[in-house]
Amino acid sequence: MTEAGFLTSRLDEAIGWARKYSIFQYPFVTACCGMEYMATACSHYDVDRFGAGLPRFSPRQADVLFVVGTISHKMAPVLKRIYDQMAEPKWVVSFGVCTCTGGFYDNYATVMGIDTIMPVDIYIPGCPPRPEYVLDGLLKLQAKIQAQHASGQRPAPELRPPEVEGHVSTERRLRPERGDGVERRKQ
Amino acid sequence: MTAASLIQAVTERFPEALKGSHTYRGDATVLVFREFLLDIARTLKEDPVFQMNYLMDLTAVDFSAFGRKPSPAFFASSGVAVRPSSEIPDEDPWPGPPTPHSTRSRFVVVYHFFSLRLKHRLRLEVAVEEGDAEVDSLSALWAGADWLEREVWDMFGIRFRGHPNLKRILMYEEFVGHPLRKDYAVNKRQPLIGPVN
């Protein structure tokens with residue numbers, strides 16, 4: 001390794017460390033998952049231990065978008081706009097099974113997973129997910145932030161986690177008449 | 001006033017307006033012809049016998065699939081009372097669906113009125129046909145009817161004559177169709193952005 005390469009990798013490491021322990025989240029709370037989000041944020045589970053204790057209610061000042069709760073098709077453009085307004089580097093956490101896949105909603109109103117409209121970094125399924133589960137997702141997000149290069153270059157994008165894919169394909173298999181033939185967009 | 005005397009009082013005032021009536025568990029229901037809706041509603045609100053100053057709910061029912069499909073099997077074992085238990089004393093047995101299927105209109109607009117002073121309530125039903133789905137608006141009498149009628153328009157496509165601002169309230173303007181109609185596919189999606197997933 002050259003001297004410059006060594007310095008760059010040490011710099012990446014330092015910046016990643018600083019970023020992962022100073023997460024400013026934007027909670028986009030639309031539904032009942034918000035209760036678990038609040039439980040996670042308050043003193044019992046205390047998300048502040050991980051440096052993510054300060055929510056910012058302006059997308060310009062936030063770097064992690066927490067999408068908490070069902071997203072309807074009417075809401076989708078608003079959410080996309082919030083995401084577009086956030087400055088790089090930015091990450092998206094899909095909180096709850098409704099944001100991951102649409103959950104038990106299969107109707108005219110609900111977006112079948114926010115990854116159809118924006119890239120998602122961490123999926124936290126559950127209806128709603130327990131605070132421990134949320135903290136686990138937060139730690140995974142921190143690991144991902146640490147692994148990212150300071151230049152903003154991301155590691156190769158992940159596909160949907162296998163358990164989420166499995167859920168969808170099981171659903172399709174059980175109800176083949178509902179499949180509309182549109183392939184879910186891979187990130 | 002009791003349910004029976006409420007129905008009697010309405011019948012006395014509008015003998016030719018009533019299409020039918022029944023009581024069930026202390027709740028009175030009258031089915032009226034569409035032309036008399038506004039007159040009856042005004043009387044219910046202003047007549048000292050009724051004093052129904054509170055429009056509790058305004059909604060609609062699409063009967064086009066009624067009785068065509070058996071109840072889902074899980075419903076029978078879920079503990080939900082599909083029909084009242086025989087152990088419960090029942091002075092007013094369930095009168096059944098309002099009319100036989102062949103003569104039933106597609107939609108019924110349902111109004112629930114309540115009197116805060118006299119503590120009695122009345123359900124009013126107005127049948128409307130699919131080709132001429134329009135009833136008079138009550139928004140001039142009860143301000144709360146404004147948004148409820150917009151909801152019924154949005155979900156069922158029933159128009160309200162004389163409504164000041166009849167536009168969608170839940171769905172977005174770009175949405176085509178009315179999702180609570182039984183012929184709207186339950187998972188037919190019309191996204192504003194993103195794929196039709």
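A residue counts as buried here if 20 or more other C-beta atoms lie within 10 Å of its own. I start my notebook with that cut-off, and with a reminder that this is a predicted model.

**Entry 1: a strand in chain A**

I looked up strand β4 of chain A, residues 91–95, with the cut-off in hand. Five of its five residues are buried, so the strand is largely enclosed by the rest of the structure. Next I checked which way the residues point. A:Trp91, A:Val93 and A:Phe95 go one way from β4(A), while A:Val92 and A:Ser94 go the other. I noted the general rule beside this: in a regular strand the side chains alternate between the two faces of the sheet.

**Entry 2: the partners of that strand**

Which strands pair with β4(A)? I found β3 of chain A, residues 64–68, pairing with β4(A) in the parallel sense over five bridges. Within this pairing, A:Leu65 has A:Val92 as its bridge partner. To get from β3(A) to β4(A), the chain passes through helix α3, residues 76–85 of chain A, and this β-α-β crossover is right-handed. I also found β5 of chain A, residues 122–124, pairing with β4(A) in the parallel sense over three bridges. There A:Phe95 stands opposite A:Ile124.

**Entry 3: a serine in chain A**

I picked A:Ser9, which sits in helix α1 of chain A, residues 3–20. It has 13 C-beta neighbours inside 10 Å and so counts as partly exposed.

**Entry 4: where the chains meet**

**Entry 5: chain B in outline**

I counted four helices and seven strands in chain B. From the N terminus on, I wrote their order as α-β-β-α-β-α-β-β-β-α-β. Chain B has 197 residues, and 23% of them count as buried. Taking contacts in chain B between residues at least 6 apart in sequence, I noted that 56% join residues at least 24 apart.

**Entry 6: the sheet of chain B**

I traced an open sheet of five strands in chain B, with mixed pairing and the order β1-β2-β5-β4-β3. Strands β1 (18–24) and β3 (54–62) stand at the edges with a single partner strand each, so one side of each is left without a neighbour in the sheet. From one strand to the next, the twist averages 20°. I followed β3(B) to its partner β4, residues 107–114: the two run antiparallel and are joined by eight bridges. B:Thr59 stands opposite B:Val110 here.

Helix α2 of chain B, residues 37–46, touches β2, β4 and β5, and its direction makes about 170° with that of β5(B). Helix α4 of chain B, residues 145–156, touches β3 and β4, and its direction makes about 5° with that of β3(B).

Last, I turned to helix α1 of chain B, residues 3–13, where B:Ala3, B:Leu6 and B:Val10 are buried. These three cover an arc of only 60° around the axis, which puts them on the same side of α1(B). What covers the buried residues includes β1, β2 and β5 of chain B. On the other side of α1(B), I found B:Ser5 and B:Glu12 exposed.

Methods. Residues numbered from 1 in each chain as written. Chains lettered and ligands numbered in written order. Predicted model: local features only at pLDDT ≥ 70, side-chain atom pairs only at ≥ 80, totals over all residues. Pairing = 2+ DSSP bridges. Axes fitted to C-alpha atoms, helices over the stretch in contact; angles between N-to-C directions. Contact = placed C-beta atoms within 7 Å. Buried ≥ 20, exposed ≤ 12 C-beta atoms within 10 Å, placed from the backbone. Arc of directions from axis to C-beta. Right-handed = clockwise from strand over helix to strand, strands pointing away.
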